[in-house]
Amino acid sequence: MATSLSEAYRDTTLQLKHIIPLDFDSIHDLPESHVWTTKDNLLSEKPDVLSIPVIDLNALNATELVRNACQKWGMFHLINHGIPLRLVEEVEEHARRLFGLPLERKLKALRSPSGATGYGVARISPFFSKLMWHEGFTIMGSAVDHAKELWPDEYEEFCDTMDNYQKKMKSLAYKILLLILKALEVDDKNQNQDQEINCTPSFYQSEGALQLNSYPCCPNPNRAVGLAPHTDSLLLTILHQNDTNGLQIFQEGTGWVPVPPVSGALVVNMGDLMHIISNAHFPTVYHRVVPNETRHRFSIAYFYGPPTDSIIAPLSKFQIPCFRPVTLKEYISLKSKHLEKALTLLRN
Ligand SMILES: C=C1C[C@]23C[C@@]1(O)CC[C@H]2[C@@]12CCC[C@@](C)(C(=O)O1)[C@H]2[C@@H]3C(=O)O
Ligand SMILES: O=C(O)CCC(=O)C(=O)O
Ligand SMILES: [Fe+2]
């Protein structure tokens, strides 16, 4: 039987100190465990002129706009995406309610050491000597087991909303994937075009994960890190951010560029698997979150990928593939051991 996404994480057991978040409610000063040094390049204001493009999903030239955005940034804001604003607001409200619970209640839904879902710090935590000003809640499919742990008598509304959001995200992600494949000119000039998309089994089915992120107000934001620099592992990520700044992406030659929220838009970013299938034409986005002294940031990220046993390789139109083929399951294991170096290890 095929391995599910959560099962693919089973071999990567984490220690509890890399799962349990801080009790943010009881903290008034930044604890030493969360103080990052200046060499972590925390302060980096960049010119406001640089901004991620905003793309209308229904624009006639959407493919071209997506191609340019993916090449230059690996990221874009998407408008007219068809996800009802009310649904996005509901998911955000549920996230606020969840993270607003007392720590002892949130710990009832703690991610298990070999698990992938539930409450906890980011999976990348073991790669850093300092801890992040962040707490997260990961959902893969039904959230019912963890929701019952949080709210034994009133878990249904949370589950229904998360199911509905994941369903809508999945179909939006598929639409975006087809647009990106078109932007990669899979269908250009040669007869193989649609064949390549349609013959790639991994594009028919998919696996996804929903991550609720919370970055509470931080007593000393200049010395703390919300989410440490990382790239997302799967094909693409669709992100909603509340009206609080914090997300930044790294641009070679420029440095850290802020990605302020655009009202009603979702942020789409390329992940490692897209970098592989695009034969490195599209960058995987290196990004981080900086905390805020007065505002509590929430974000909702949907990670979209192929089934874990499908083989990911540069599209066959690229005659000199710069990566070797890999299954998602193998890639998850490589990433859990080597973080960003995982991609380099796959280079031909
Ligand atoms: C499918 C997934 C992507 C993710 C690991 C996860 O199993 C669910 C959480 C995701 C997340 C969110 C915060 C940043 C990140 C690097 C992490 O530590 O957990 C991503 C993971 C990823 O893209 O590899
Ligand atoms: O909060 C954010 O904007 C970023 C979240 C993120 O990078 C992630 O969940 O992978
Ligand atoms: Fe991310």
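What share of the accessible surface of the protein belongs to carbon and sulfur atoms? In this predicted model, carbon and sulfur atoms hold 51% of an accessible surface that comes to about 16000 Å².

View 1. Ten helices and 14 strands make up the secondary structure. The C-alpha trace spans about 60 × 50 × 40 Å along its principal axes. A compact globule of 348 residues would have a radius of gyration near 20 Å, and the protein agrees with this because its own value is 20 Å.

View 2. Of the 348 residues in the protein, 54% are buried. Among contacts with a separation of 6 or more, 77% are between residues 24 or more positions apart.

**View 3. The charged groups.** The protein has 33 positive and 39 negative charges. The mean position of the positive charges and that of the negative charges are 5 Å apart.

**View 4. The iron site.** The iron ion (ligand 3) is coordinated by NE2 of His230, OD of Asp232 and NE2 of His287, at 2.1 to 2.2 Å. Along the chain, the donors of this iron ion follow the spacing H-x1-D-x54-H.

View 5. His230 belongs to strand S6 (residues 227-230) and His287 to strand S11 (residues 287-289), so the pair ties together parts that are 57 residues apart in sequence. Are these histidines buried or exposed? Both His230 and His287 are buried.

Key. Residues numbered from 1 in each chain as written. Chains lettered and ligands numbered in written order. Predicted model: local features only at pLDDT ≥ 70, side-chain atom pairs only at ≥ 80, totals over all residues. Heavy atoms only, no water. Helix = DSSP H or I, 4+ residues; strand = E, 2+ residues; numbered from the N terminus. Rg over C-alpha atoms; globule rule 2.2 N^0.38 Å. Buried < 20%, exposed > 50% of the residue type's maximum accessible area, 1.4 Å probe, protein only. Contact = heavy atoms within 4.5 Å. Areas by Shrake-Rupley, 256 points an atom, 1.4 Å probe, with all protein chains shown as cover. Lys, Arg positive; Asp, Glu negative; His and termini not counted. Charge placed at Lys NZ, Arg CZ, Asp CG, Glu CD. Donors = N, O, S within 2.8 Å, 3.2 Å for Na, K, Ca; no water.
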